[in-house]
Amino acid sequence: MERRDFLKKLGIGGAGIALSSQMAFAEKVEKAARAAGAPLGKQKFPFTYDEQALYIGENIAVTNTTNGKVRGYILRDMYYFLGIPYGADTAGKNRFMPPVKPEPWSKTFPAIWYPNCAPQVMSPTIHSGYFGRFRGFRDHENYDDISENCLGINVWTPGYNDGVKRPVLLWIHGGGWSFGNCIEHDDHNGENLAREGNIVFCSINHRLGPLGYTNLAAVGDERFAQSGNVGAMDMVLALEWIRDNIENFGGDPNNVTLAGHSGGANKICTLMTMPSAKGLFHKAVLMSGAIKYLRPKDITLKCGEYIMREAGLKAGEAGKL
């Protein structure tokens with residue numbers, strides 16, 4: 001009987017410790033959910049809360065952008081806003097063209113999943129971001145829908161519309177200039193950095209490879225004058241979106257840091273030389289990818305001519321691409 005009583009008391013004591021921790025965390029999430037307008041009524045969170053709570057609904061995590069309202073969700077007390085369009089679909093008439101802002105939407109946009117990946121080579125036999133099912137299993141490489149409608153931004157934030165101006169970090173993915181995406185690895189999820197640093201973490205997709213950097217200026221009309229740089233122009237448009245919208249997500253548009261590795265660092269070096277990007281970011285973190293120069297213009301023009309020949313088109317017919 002003494003042994004049984006001892007174990008019983010030990011179990012109760014352990015439960016008391018666990019309940020205390022769970023209650024404190026639950027109260028924190030409940031406060032955040034109520035601040036977001038969650039329809040919680042008078043109910044209380046259960047004491048069995050396991051710190052993995054997800055809150056999603058029509059009135060949860062809703063804020064404004066220059067294109068209309070967006071709705072995210074709350075996970076582990078952090079706000080997720082995923083796949084917000086910062087640019088219009090790049091297919092059809094917009095292919096090889098400088099990016100344009102998306103059309104405004106009237107209904108609340110569900111910012112609850114990542115943007116489409118930019119078109120890229122997906123063969124496991126060719127050097128690309130995706131090497132097949134086994135490497136996908138090993139490295140948790142996440143490639144979901146692939147589409148030219150890929151100009152989207154993700155935002156993780158500890159709070160929004162709360163009067164706080166947090167530092168902003170924009171992650172630019174690696175993969176050279178031809179593959180990769182903003183969610184290719186689990187460690188590109190911005191939740192933990194946003195929480196631990198009290199920052200607003202963003203990441204983007206943008207055009208890659210031939211659709212982002214084919215210079216058709218010599219074989220097309222004046223519409224194609226900037227076709228060789230549209231993938232980089234996508235990133236500038238994303239920075240403009242941050243400038244115009246990030247305050248609604250708890251961020252400071254005057255304190256933006258770019259970070260990237262490998263090809264992402266290449267792209268940041270490029271942004272540092274682009275007049276159109278001046279003033280849109282203020283610091284940079286380059287990891288294993290600094291560059292001194294890009295392709296000379298004459299070589300990029302020859303690449304554009306080659307693509308036209310392979311497509312069976314003549315000079316002046318770039319519009320058929």
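Predicted model: local features only at pLDDT ≥ 70, side-chain atom pairs only at ≥ 80, totals over all residues.

Residues are numbered from 1 along each chain as its sequence is written, and side-chain values use heavy atoms, with hydrogens and water left out.

**Stop 1**

Show the cartoon. An open sheet is formed by 8 strands in the order 1-4-5-7-9-8-10-11, with mixed pairing. Two strands pair if DSSP finds at least two bridges between them. Now go to the edges. Strand 1 and strand 11 (283–287) each have a single partner strand, so one side of each lacks a neighbour in the sheet. Next, select strands 5 and 7. They run antiparallel and are joined by 5 bridges. Phe81 stands opposite Val155 of strand 7.

**Stop 2: a hairpin**

Select residues 62–65, which are strand 2. A hairpin of 2 residues leads from strand 2 to strand 3. Strand 3 covers residues 68–71; the two strands run antiparallel, with 4 bridges. Arg71 is the bridge partner of Val62. Which residues of strand 2 are on the covered face, and which on the uncovered one? Thr63 and Thr65 are on the covered face; Val62 and Asn64 are on the uncovered one. In a regular strand the side chains alternate between the two faces of the sheet.

**Stop 3: two loop residues with positive phi**

Most residues other than glycine have a negative phi. Select Asp77, whose phi is near 70°, a positive value. Asp77 sits in the loop between strand 4 (73–75) and strand 5. Its relative accessibility is 7%, so Asp77 counts as buried. The classes are: buried under 20% relative accessible area, exposed over 50%, partly exposed in between, with a 1.4 Å probe and protein chains only. Then select Asn161, where phi is near 50°, again positive. Asn161 is in the loop between strand 7 and strand 8.

**Stop 4: aromatic rings**

The whole structure holds 11 aromatic pairs. Rings of Phe, Tyr and Trp (its six-membered ring) pair if their centres lie within 6.5 Å; planes under 30 degrees apart are stacked, over 60 edge-to-face, and the rest tilted. Select Phe81 and Tyr160. Their ring centres are 5.7 Å apart and the planes meet at 85°, so this pair is edge-to-face. Phe81 is in strand 5 (residues 78–85) and Tyr160 in the loop between strand 7 (152–157) and strand 8 (166–172), so the pair ties together parts 79 residues apart in sequence. Both Phe81 and Tyr160 are buried.

Move to Trp241 and Phe249. Here the centres are 5.6 Å apart and the planes at 45°, so the pair is tilted. Trp241 counts as buried at 5% relative accessibility, and Phe249 at 0%.

Now select Tyr73, Tyr80, Trp113, Tyr114, Trp156 and Phe201: they form one aromatic cluster.

**Stop 5: helix 5**

Select residues 230–245. The 16 residues of helix 5 should span 22 Å at 1.5 Å a residue, and the end C-alpha atoms are 22 Å apart, which agrees. The expected span is 1.5 Å times one less than the number of residues. Is helix 5 enclosed or open, and how many of its residues are buried? Of the 16, 13 are buried, so the helix is largely enclosed by the rest of the structure.

**Stop 6: salt bridges**

A salt bridge is a side-chain nitrogen of Lys or Arg within 4 Å of a carboxyl oxygen of Asp or Glu. The count is 10. Start with Arg207 and Asp234, which meet at 2.8 Å, N to O. Arg207 is in the loop between strand 9 (200–204) and helix 4 (209–213) and Asp234 in helix 5, so the pair ties together parts 27 residues apart in sequence. Arg207 counts as buried at 2% relative accessibility, and Asp234 at 0%.

Next, select Glu247 and Lys165, with their closest N and O atoms 3.5 Å apart. Glu247 is partly exposed at 44%; Lys165 is exposed at 52%.

Finish with Arg76, Asp77, Glu191 and Arg195, which are linked in a network of salt bridges.
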